[in-house]
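Hi there,

Here is the structure I promised to pass on. Have a look at it first, and then read on for what turned up.

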Amino acid sequence: MKSIYKIAGIAALTLGMSSCGDDFLNVTSPTQPSAEEYFSEKEHVEEAVIAAYDPLQWTDWGCGEYAPYYLLADLMADDFWVGGSDKNDNQNWHLMANYEATPLKVVTSIWVEAFSGIKRCNDVLEDIEKDIEGATQADINYWTAQVKVLRAFYANWLWKFYGNIPYYSRNLTEPYIAEQISADELYGHMITDIEDALALNALEFRASDEEAGRVTTAMAYMLYTEIVMYQRDAARYPTALRYMKEIIDSPLYDLVPDYTTIFTEAGEWSQESIWEINYISENAVRDWGAPLNAGGTVLPTLISPNNWPSGQDGHETGWGFAPVRLETFEMYSADDARRGATCWDVRAFDGTYNKRYQDYGFFLEKYAAKTGGNAGQKASGELNYNNNWRIYRYSEALLNAAELLLATGGSTADAKTYLNLVHNRAGLRIQLEPTLNNIIEERHLEFVGEGKRYWDLIRTDKASTVLVPDSYGYRTNSWTPNKKHLPIPQSEIDKSMGTLTQNPY
């Protein structure tokens, strides 16, 4: 089920002031209730909570820029090319992939969308400081837990991409300037939000089908573990490991037997899915003039072959971005079920579609445009594919636990079991030893196209040796530690009244 987002567009209209390009003006209506009056009722606060989820859907195309946040990370790693018509098509992507983005030529929409999400979370937290008609303490705890975890999730985008940002936990007043804090300080804020949310004991461990897409305890555990491992905060590894074991031991989650089913529509919210970002094509009204409307995603259009004949091989046409590298296909053994489920081999169809820049005959099958995938949409078909983004899966909990066991001196037998549950599910019979290199390589094979690889290379100190110039002449620069964060967009520097310091990019 994807019900949570069907009314998100309505809530967004109600809230206002959180779309791209907010001017944050205060306007008093002579006929409508004030925000303070409106959000003093339980049902309206619930609208505000739902609206806090809305920006999750925007990064593929929301603020005048294509920027699916996990795809951008993958483009800076080693599994994909950027593609398109040439290196000037989505130029910001090409510059980021070659570690030469500049403040004037860098992705900016993730900055705007993440802060829109943070602002909406703050709205809810400020609303519930007053008496809410019809609300119980359990309601207030549930709302608080959801938006505190969401606020940490949005901050995680900013933390990883930009690092040192202005941050605020209460919405700003004129002149709307927040103090810039370090990436380490931002980490502390995210951890505190998640810990505070979990302490309320208000979240379901797994959401019901009707509520699929809501923040859950298991999702909060995964987010906590992700940022703790990226920060390499060894003091919190035991807690993160305990969280992973709770997920592993829960009867609510498990691996699905067949990897090839995970990214099908039928595979959405399977027993393996811990958290997904919902998109829906049925009655979708997302359009070029209204990209923030609830509906589907443009990602399948972005990453599918250009001028693909409709229905050929069960797929539809796209724009030819993010072609998969030949080396990515070749890293899988022939008997690895993940190869075909990940890499769509179109070499047999050469000549039947428009082969674009950096196309060596492979595309990402996980999110490719499938025939019927935008059925029922009522606006722009290319924007409204019915593909949920898989954010956290049970297999990641297993591999996180295996890695944390090694890091904390825990049971190597358990680490081996967790690693090989993932490895053997792919149809591979060999038993791997639980070394860090084996775990990271298994993550590589398991999560191509899911936005994990780039951050794994950075946090394990492998980026500087793996992310180097390639033999094709596309990547000519090497990753270095001062490339860890993107430059802050110059547009944000200009608006900061001299309070923002640029990253050393």
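**Buried charges and a strand pair**

With a relative accessibility of 5%, E450 counts as buried, because buried means under 20% relative accessible area. Please keep in mind that this is a predicted model.

E450 forms a salt bridge with R393, with the closest N and O atoms 2.8 Å apart. E450 sits in the loop between helix 16 (436-446) and helix 17 (453-459) while R393 belongs to strand 6, so the pair ties together parts that are 57 residues apart in sequence. R393 is buried too, at 2% relative accessibility.

Strand 6 (residues 389-393) is mostly covered, with five of its five residues buried. Strand 6 runs antiparallel to strand 3 (residues 273-277), and four bridges join the two. Within strand 6, Y392 is the bridge partner of W275.

On to the other charged pairs: the structure holds 38 salt bridges. One of them joins R151 and D193, whose closest N and O atoms are 2.8 Å apart. R151 is in helix 7 (residues 137-161) and D193 in helix 8 (residues 183-199), so this contact ties together parts that are 42 residues apart in sequence. Both R151 and D193 are buried.

K416 and E433 also meet in a salt bridge, at 2.9 Å from N to O. Here K416 lies in helix 15 (residues 412-425) and E433 in the loop between helix 15 and helix 16, 17 residues apart. K416 is partly exposed at 26% relative accessibility, and E433 is partly exposed with a relative accessible area of 42%.

Finally, salt bridges with shared partners join E272, D336, R338, K366, R393, R425, E442, E446 and E450 into one network.

Best wishes

Technical notes: Residues numbered from 1 in each chain as written. Predicted model: local features only at pLDDT ≥ 70, side-chain atom pairs only at ≥ 80, totals over all residues. Heavy atoms only, no water. Buried < 20%, exposed > 50% of the residue type's maximum accessible area, 1.4 Å probe, protein only. Pairing = 2+ DSSP bridges. Salt bridge = Lys/Arg side-chain N within 4 Å of Asp/Glu carboxyl O.
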